[in-house]
Number of protein chains: 4
Amino acid sequence: MRYSHSLTVPFQDVDAAGKVFFAHLFRYAHEAYERFMEHIGLPLAGWIDSAEYLIPISHAQCDYHLPLQLNQTISIELALVRLGNSAFTLRYRFLGKDGQCHATAETVHVLVAAREHTSTPIPRHLRLALESYLDT
Amino acid sequence: MRYSHSLTVPFQDVDAAGKVFFAHLFRYAHEAYERFMEHIGLPLAGWIDSAEYLIPISHAQCDYHLPLQLNQTISIELALVRLGNSAFTLRYRFLGKDGQCHATAETVHVLVAAREHTSTPIPRHLRLALESYLDT
Amino acid sequence: MRYSHSLTVPFQDVDAAGKVFFAHLFRYAHEAYERFMEHIGLPLAGWIDSAEYLIPISHAQCDYHLPLQLNQTISIELALVRLGNSAFTLRYRFLGKDGQCHATAETVHVLVAAREHTSTPIPRHLRLALESYLDT
Amino acid sequence: MRYSHSLTVPFQDVDAAGKVFFAHLFRYAHEAYERFMEHIGLPLAGWIDSAEYLIPISHAQCDYHLPLQLNQTISIELALVRLGNSAFTLRYRFLGKDGQCHATAETVHVLVAAREHTSTPIPRHLRLALESYLDT
């Protein structure tokens, strides 16, 4: 299973070279991740409120293939590419209307016990919710 | 007295029309305000940590006279234009190197008691620190 | 007639005080304006490509009534409040799900001839498209 | 040789979890890159104006070791880690006041001929300017 989030590139995200500034794709990826977590019933707001776990990002990367343009509508296809003991990795493909892949990003998320500030196993309800999105 | 903060317009803040996107001037103004509060010995981080007061912005406005360009160095001149019982108003003038005024902004800040969520008189130490910046 | 644009407050737009940073509402307003211009058949991208007119913002303001929270879904209700000879003013109401108004913003847009850099009458096709959104 | 750029984390860059949002480090890295290019006499604005070359980013990555806090002053240490025929790689280390490394990022920049849109050898003046920053 994959999750898809779409957006239209706003005016302000285009930089002085006339293309979307590279760092914005990380923002877009995170918005896809937020909507995804909500979709699987575990919104980030709930994690913050419970104050039991933190899920910081330990690594992020993006490969840029084709620039994104003003007003372009893109679909961000999210998949889980690794589900470890205390960390998981999400991959994001930024697809244009014609299906061309403009960029591919990854973020690594680590489960941390809020009190001890040490990595901790992914709780069972999150693991179950993530599993069906694992791209094998 | 006035407080001055300078910055160089970054690449990413220029929008699809080749000028600085209008909303960024509010970000710049807030950064000047943060540096100013630090300068008078009352940094925002301290207010957040103390958890006694909040200082939300109740109004913000900006008049744009001349566009800001990529890489342009500007000086933001901050002054206090109103010091009320429970609110104060800051004015920001965005000056180019030649002294030309590119924009003028204002922000209104209200003192709120964190527990009761009601407006409350400006505490004495903040009032004293602000007074010398009042532009009359 | 009014135009409505909705959005969900992303994680990153919440600031160190736990509420949406005030300047982001200007970004949200502009996104509503972009979608509106597209809706009336005159997208900003077209104006930039034609290179005949510029429509800079000469004034922006916002009154903040209630803070916006993480993950909150808001509806931005856009209306035209002034249609002058060479300028028009848009008003944006930020409404929560219960209809409560969290903030009200305005932006003033001036038509400028790209070559002469002087204000110029609003072209007929834009005036006609805007007129039905005039809030009287 | 290394180039160093410092900044203070602004209020608005702290997210709903109370730490600097991960994507902002890419913005900070790019600001360090902009100041660096200016420092070696080849500011980005000049490249855009000349319209002969583009220098898009083809890859970006960041490893996050320790969160950045509100108001924290950091020093971004920039070094060149690869100087290829038509691409170069910059590394950024985000250092706290105590010298602790909070994060390490890299960006890969490709020289592209603006007209043909194909990768092209790094021009001699840029190569010469970069060489002394190569970290071996």
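1. Burial in chain A. Of its 136 residues, 60% count as buried, that is, under 20% relative accessible area with a 1.4 Å probe and protein chains only. The model is predicted, and local features need pLDDT of at least 70, side-chain atom pairs count only at pLDDT 80 or more, and totals for chains, interfaces and linings use all residues. Residues are numbered from 1 along each chain as its sequence is written, chains are lettered from A and ligands numbered from 1 in the order in which they are written, and side-chain values use heavy atoms, with hydrogens and water left out.

2. Secondary structure and overall form. Chain A comprises 3 helices and 8 strands, where helices are DSSP runs of H or I with at least four residues and strands are runs of E with at least two, numbered from the N terminus. Read from the N terminus, the order of elements is β-α-α-β-β-β-β-β-β-β-α. The radius of gyration of chain A is 16 Å, close to the 14 Å of the globule rule for 136 residues, so chain A is as compact as a globular protein of that length. This radius is taken over C-alpha atoms, and the rule is 2.2 Å times the number of residues to the power 0.38. Along the principal axes, the C-alpha atoms of chain A fill a box of roughly 45 × 30 × 20 Å.

3. Contacts within chain A. Among contacts with a separation of 6 or more, 64% are between residues 24 or more positions apart; contact means heavy atoms within 4.5 Å.

4. Surface and charge. Chain A exposes about 5,700 Å², of which carbon and sulfur atoms supply 50%; the areas come from the Shrake-Rupley method with a 1.4 Å probe. Chain A carries 11 positive and 14 negative side chains, and the centres of the two sets lie 4 Å apart. Lys and Arg count as positive and Asp and Glu as negative, without His or the chain ends.

5. The same surface serves both copies, as 100% of the contact residues of chain D recur in chain C.

Key: Buried means under 20% relative accessible area, exposed over 50%, partly exposed in between (1.4 Å probe, protein chains only). The place of a charge is taken as NZ of Lys, CZ of Arg, CG of Asp or CD of Glu.
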